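Okay, everyone, thanks for coming.

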Amino acid sequence: MSNDPITLEIIQNSIQAAADEMFAAMRKTAMSSIIYEVLDMGTGITDAEGRIASSGAGIPAFIGVLDKSVQFIITKFGEDIQQGDVFITNDPWHGGVTHLNDLVLAMPVFSDEHIIGWCANIAHNSDVGGMAPGSLSGEATEIFQEGLRLPAVKLIRENITDQSVMDIITCNSRMPDFLLGDVWAAIASVRIGAKRLEDLAGKYGVRTFESAMETFMDFGEQTAKAQLAKLPQGTFELNEPQDDGRQYNVKITISNTEFIVDLRDNPDEDAGPTNTSRDGTIICSQMVFKSLIDSDSPANDGSFRPMKVLTREGSVFHAREPAAIGFYFETEVRVYDLIWRCLAPHIPARLPAGHFSSICGTFIGGIHPDTGRQYTIIEPQLGGWGAWEGRDGNPCIFSGFHGETYNTPAEISEARNGLYVDRMELNTAPGGEGEFNGGRGLILDYRIRTENGFLTAGFTRSVVKPWSLQGGIEGSGNIVEVIKADGSKEHYSFVSGLSLTTDDVVRIITSSGAGYGDPKKRNTEAVQNDIDNGFITARRAREVHSF
Amino acid sequence: MSSLPLRVATDVGGTFTDLVAITEQSDGMKIITAKVDTTPPDFDKGVLNVLEAGGVAAQQIDFLVHGTTVVINALTERKGVTVGLITTEGFRDTLEIARGNRPDFFNLHYEKPLPFVPRSLRTEVPGRMTYKGEERTPLDLSELPSIIKQFRHNGVQAVAISLLHAYANTQHEEAVLAGVKKLWPEVSVVASHQITREWREYERTSTTVLSAYVQPVAASYLSQLNDSLVSQGLASSPYIMQSNCGVDSLSATSQIPITMVESGPASGFWGAAELGKMINEPDILALDIGGTTAKCSLIEGGEVRIMTDYWIERSRKSAGYPIMVPVVDLVEIGNGGGSIAWVDDFGKLHVGPRSAGAVPGPAAYGKGGLNATTTDANLWLGRINPDYFCGGALQADMDAAKSALQAIGNKLGVSVDEAARGIIRIANNNMVNALKLVSLNRGHDTRDFTLLAFGGGGPMHAVALAQELQVKKVVIPTAASVFSAWGMMMSDLRRDYFVTHLADLVEGAASRIEDVFREVEQNARNTFVAEGVDEARISFLRYGKFRYQNQEHTTEVALSGTVTDTALSEIAESFRTAYEREYTYRLDAPVEMVGVHLVARAEVGKLQMVPSKLGDTDASAAVKGTRGVDFALDGKHLATIFDGDKLTPGMAFDGPAVVEDSGSTLVVHPQNNLSVDAYRNIHIRLGAES
């Protein structure tokens, strides 16, 4: 087979198709709603050295995880990697990147007894042990409290499952059936991917196959560099206060060939679980970088080659073992938004105003009143996105951290979780107005039906609200309200293991996106439309739009 | 023209209105085809024109099936009516919240699809059902008069009703429906349970809203068509092609027209299943290549797969809109004869999804099109005959084709020949990936399947795709370019009922499952009988949707006979087997039923094709000549050119060859062996091993 560009293109398309197929297979067979509905998962294919070649759909924050896991496994196991092996890891200091709930499975792909690539996936499992149901607790101070640590081990040796490992993993979960189902879904997914890659290498030859991966990555690098040259050059800096009073700092230096994100000047790691590993921080920088330079072409190792990230070990963005990292996602979305915000005023054509910018991770559990079985809701929330020149922001979509992610329908939630969804509607609280308005956030009411339930949640952008551009108004802010059966109300942004009982209502309130441009310049027809649709009161329209 | 009754299918597309008519004469069956321009906004004119063009008088017609793109066009062109929505208190924004996904996830300027009903026309009524179908809060209709008043005031033309958990208990929706009809008898109104009984409130609400949105448009289209045909002497109303591969009565379709949304592709895939049964090829990969898109579907054991997971305008760039109606399971890609080839900023060649359409069309049309298309590449490589372009209707402008291909070649730094070959290979690869999505990706081995290719472009690419996928063989049906219309004539009256019903497969569950099937069957039977269908001709197929406990996505399993407790373990086992084939493993976990799928069918006097006698294998009478053809990966060869219209049953020959008829061009690669069967279908065996 020849190395002509068309053949390479065809192989690249087929590798992409394999990553997509791995994703589809896992989605359809997973047991946890966070995987099959929320799609808190990702799939990827790397070359023999663990450089990412292609990713399935899913969430952008997982795109850059799998290469780091595979590279760790390669380093750890060296020659002891055999055909039919499947590895598992979840620990950020052993190739796991995120938090212990996220199990990464990776399988080497062989052709003629040589490794030609890897298939891997990552998914949020409902419970991996630890001090709290769902394994995530705001009270955790070290990783040992957040579940079973898997330091990159073989789960399957040459096609034979190591039952001891499987037993240890399932025995450490509060929801062993779910975990087992989800792990098998992940195994099926990497096996399907491996089969497709073997066929491709067999058909076109290993050399051509490898060359296709190589040129694909070079193409990613070329794309990135070409776009990089179009950005304004120089060093940009931002200090941003946080909800908890700390201040984060970023300095970004853009040149023709490099994009350097300097996060060294940041607070020490947190005593609690809102820390991220250095790898996690790199991934956030990758996400902004990819959106900034070229959101269209597929991401691979080459796409990120011009980017460098500087961190300080022991800081919140480069936590040391054994720091707790359960709520890493909230720290990640903060650094993601920090970089975005730092550059937006300088590159407004590529970066809209701030969005609700929190995972708004919500965990509700208890006993299902109709089945008597344990239920656990683990879900990110929808919120409003910021406006940009010429267009209002989107109402109610997932944050920049999530992507091809779906919310849970009320009808399914009521059946599966045995609670009532009293309302799921747009949040029309004031905020986010501009010449172009931020999109509306969400109000979601869960009414608890049994005793002995619990709520854990972690919301940021509660105090420091989504940031506007060009004179727009900031967003309304994210918050959780608990309305007790007796009518009393409590507000939370971070809460851990709060007791819930029958007829308590958990009200999730997410922010509007921020506005763009002077609200007084908003087109009067648009304002009238907002009033007719109940998005704004006539009084507020008078105040902010001079309507 | 024969005086015997005629069976006729008319298919109204965006550009052309097609006719296929079949008559039984003393010397066998005869197929008449005709094509005229579509005539918006009075589409019935085009239908009358095409009947005239085919020499078919309305009073001769025994059975008329009609297919139309009116629904999908009204949706994609936003030409429906103003809809008002009535929903459950607390859920007026469901339609706008949608599912919150961002498919184009690195794009910070992603634009979420706008709802079809603005917030001001989305209204709420108090009252709640539970997921078990029990009333939690009584329905309160005290605000209904003011809702209706507001709708009237705001120019609402159709009302959609979608309440929470209406799939489990329809009573509240029925009460709202009755209330609306009483207060506003002349308005078009539809409730979600009339269309679907499956859960997921956003999908069900979207479906109901979109049905309301197109209902007045579709109803007026259908009534105008009916009046026109009846005034010409048509004895009974036409049947209307549906997305579930069946036909339905004109009156039922006028009520819930959304079920027509994908009727175009459905008829072709139904035709593929029916043809497969006729020629003893029950396992088929069906491929329909038109001017703008290619569509494919997998048929197993002679059965098409019908699903309710259908979305419009959904892509890697957009979340789209769900329509939860039974639609044949298909994959569609923007890759047809008119697809434009282009080179991106980094020297990579792409084909589609943009199409040159009919105007200006491929460069070779000579109508000013500057872009090279798949058709231009096929012409350049000698695969399409420039002197018999579009069935001889057009002389191909080869200079224009060459300069368009040259432009691609220059960007890639290759010759015109290589550019043309590259375009064909990329286009083929796009289609191979689509075919894999419906086969390999679902655990089917393509070597067990026959590729049946139709549409104007199907025969052109079929063999190359078949070789890549290593299918058993290729079949090209007679009159391949109008095969979809043929498929319509083979359809039965068919309705697919999906009802969400949760049940653990344990002792005692069977009787309740059986009750659900019986209730749906009774309902289906009553509806058919009320429409004048003879009860004896009604038959049912039962399917169950199952999953392992705690999973979400289901696998459908065919059920035979009454559901009894003793049969449950067998049912669970057939689920485990089906699941393992698709996903490679089985679990010990309990199996749960999530819903039933009932197919209700009534034969409407289906066409029986009559085989002809096989004649001599010698095909020399059909030879038109020879020419050099570039087979891309299989090299350049001198190919024998055959006149497709002169091929008769029994003829056989080997590739390299090209078979040309007025609607399509079949490319037969070296080492292929071709034969014509008793129904004039062409069978191609691929190579040495077969």
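**A walk through chains A and B**

Let me start at A:R461, which sits in the loop between β16 (453-458) and β17 (479-483) of chain A. Helices here are DSSP runs of H or I with at least four residues, strands are runs of E with at least two, and both are numbered from the N terminus. For background, most residues other than glycine have a negative phi, and most peptide bonds are trans.

Quick housekeeping. This is a predicted model, with local features needing pLDDT of at least 70 and side-chain atom pairs counting only at pLDDT 80 or more, while totals for chains, interfaces and linings use all residues. Residues are numbered from 1 along each chain as its sequence is written, chains are lettered from A and ligands numbered from 1 in the order in which they are written, and side-chain values use heavy atoms, with hydrogens and water left out.

On to the peptide bonds. A:E321 and A:P322 are joined by a cis one, omega about 0°, and A:P322 is in the loop between β11 and α9 of chain A. Chain B has a cis bond too, from B:G352 to B:P353, with omega near 0°. B:P353, though, is found in a strand, β21 of chain B.

Now the sheet in chain A. It's open, four strands, in the order β8-β9-β10-β11, with mixed pairing; strands pair if DSSP finds at least two bridges between them. At the edges are β8 (234-241) and β11 (307-310) of chain A, each pairing on one side only. From one strand to the next, the twist averages 15°. β8(A) and β9 (residues 247-254) of chain A run antiparallel, joined by eight bridges, and A:P241 is opposite A:Q247 in β9(A).

What lies across that sheet? Angles run from 0 to 180 degrees between N-to-C directions, and axes are lines fitted to C-alpha atoms, for helices over the stretch in contact. Contact means heavy atoms within 4.5 Å.

Another bit of packing: α6 (residues 176-204) and α7 (residues 206-228) of chain A meet at about 115°, axes 6 Å apart. From α6(A) you get A:L197, A:L200, A:A201 and A:Y204, and from α7(A) it's A:V206, A:T208 and A:F209.

Last, the interface. Chain B puts 72 residues into the contact and chain A puts in 93 residues. About 7000 Å² is buried between them, with carbon and sulfur atoms giving 55%; that's the accessible area (1.4 Å probe) the two parts lose on being put together, summed over both. In chain B, B:R102, B:F106 and B:L108 lose the most area to chain A, together 12% of what that side buries.

How many salt bridges does the rule find across it? Ten, taking a side-chain nitrogen of Lys or Arg within 4 Å of a carboxyl oxygen of Asp or Glu. One of them pairs A:E411 with B:R204, whose closest N and O atoms are 2.7 Å apart.

That's my tour, so over to you for questions.
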